[in-house]
Amino acid sequence: MAMLFEAWQGVQGRISAACTACARKPQEITLLAVSKTFPAADIHQLYQLGQREFGENYAQELEQKATELADCHELVWHFIGPLQSNKTRIVANAAHWVHTIERSKIAERLNNQRPAALPPLNVCLQVNVSGEASKSGVAPDELLVLARNVAQMPRLKLRGLMCIPEATADQVKLAKQFQLLKQCQDMLNAHGFALDTLSMGMSSDLELAIANGSTLVRVGSAIFGARPYLASPPEQEQ
Ligand SMILES: *Cc1c(COP(=O)(O)O)cnc(C)c1O
């Protein structure tokens, strides 16, 4: 408990310092605790400390934890993993957010499967900001069409954009990828969208992401510690 608390506070301190450095307010940044592979008991502890937003990558794991933690009424679940057609129903039922929409077909399934009793599902479009063919995400020049399609789906609420940049130690190259996502948001908002969310930045690069306009950082290992071996790093989860 004490270690989890200290790590969580440490990440909040990093967010505050990053905001100070670029004259932003910490309240502009949502900390998403990425809990994939960690037990529901860890999530429950953080919830009791006041953390509300949690991210999961695997549909079945999300479903299981959401059931286990059903008593945590203010807990907000974000699905941030690659989403296959055969898993959309689980996610449409269990999640409050999905960050990884990259094609209309998956969005349509979520739209059709979102239970009527629940509010619309918040969604972000994942953009391929590195240009690597192997990466997930819609190409920037196909983004406007996808955004227009998704915006017409009544059971989805288009909130923003998400990216997983190419893993690189080159800070300039990394910053350019974050800037591209920000430019995509500006472009869509100039076309009349009202996107308020930029989901970018992880344990190793949240400062750079905040300096470049992130509103939501997805932080796993800096809070929960190193993941067990079965979890591959995000760039291999595509
Ligand atoms: C696992 C994961 C994270 C968290 O990564 P850390 O480096 O542990 O902070 C963030 N985003 C996505 C999409 C992930 O899969």
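**Reading the ligand site, a pocket and a salt bridge**

A polar side-chain atom of lysine 36 sits 2.7 Å from an oxygen atom of the ligand. Keep in mind that this is a predicted model.

Me: Happy to start there! Which residues come nearest to the ligand?

Reply: There are 15 residues around the ligand, and Lys36, Asn57, Ser203, Ser221 and Arg227 come nearest. Asparagine 57 has a side-chain N or O atom 2.7 Å from a ligand oxygen atom. With serine 221 the backbone takes part: one of its N or O atoms lies 2.8 Å from an oxygen atom of the ligand.

Me: How much of the ligand's accessible area does the protein cover?

Reply: On its own the ligand has 380 Å² of accessible area, and the protein covers 95% of that. Sorted by class, the shell around the ligand holds seven nonpolar, four polar and four charged residues.

Me: Now to pockets. How do I read the second largest pocket, and what is its volume?

Reply: Here is the general idea: rolling a probe the size of a water molecule over the atoms shows where empty space is left. In this structure, the second largest pocket has a volume of about 170 Å³.

Me: Which residues line the second largest pocket?

Reply: Among them are Ala66, Leu69, Cys72, His73, Trp77 and His96. By class, that lining has seven nonpolar, two polar and no charged residues.

Me: One last feature, then. How many salt bridges does the count come to?

Reply: In general, side chains of opposite charge can pair when their charged atoms come close. Here the count comes to eight salt bridges. One of them joins glutamate 207 to arginine 14, with the closest N and O atoms 2.8 Å apart. Glutamate 207 belongs to helix 8 (residues 206-211) and arginine 14 to helix 1 (residues 2-21), so this pair ties together parts that are 193 residues apart in sequence.

Note on methods
Residues are numbered from 1 along each chain as its sequence is written. This is a predicted model: local features need pLDDT of at least 70, side-chain atom pairs count only at pLDDT 80 or more; totals for chains, interfaces and linings use all residues. Side-chain values use heavy atoms; hydrogens and water are left out. A residue is near a molecule or strand if one of its heavy atoms lies within 4 Å of it. A polar contact is a pair of N or O atoms within 3.5 Å; within protein, one must be able to donate a hydrogen and the other to accept it, and residues adjacent in sequence count only if both atoms are side-chain atoms. Accessible areas come from the Shrake-Rupley method with a 1.4 Å probe; for residues, only the protein chains shown count as cover. Ala, Val, Leu, Ile, Met, Phe, Trp, Tyr, Cys and Pro count as nonpolar, Asp, Glu, Lys and Arg as charged, and the others, Gly among them, as polar. On a 1 Å grid over the protein atoms alone, a cavity is a set of points where a 1.4 Å probe fits but cannot get out, and a pocket is an open set with protein on both sides within 12 Å along at least five of seven lines; lining residues have an atom within 4 Å of a point. Grid points are joined across faces, edges and corners, and a volume is the space filled by probe spheres set on the points. A salt bridge is a side-chain nitrogen of Lys or Arg within 4 Å of a carboxyl oxygen of Asp or Glu. Helices (H or I, at least four residues) and strands (E, at least two) are DSSP runs, numbered from the N terminus.
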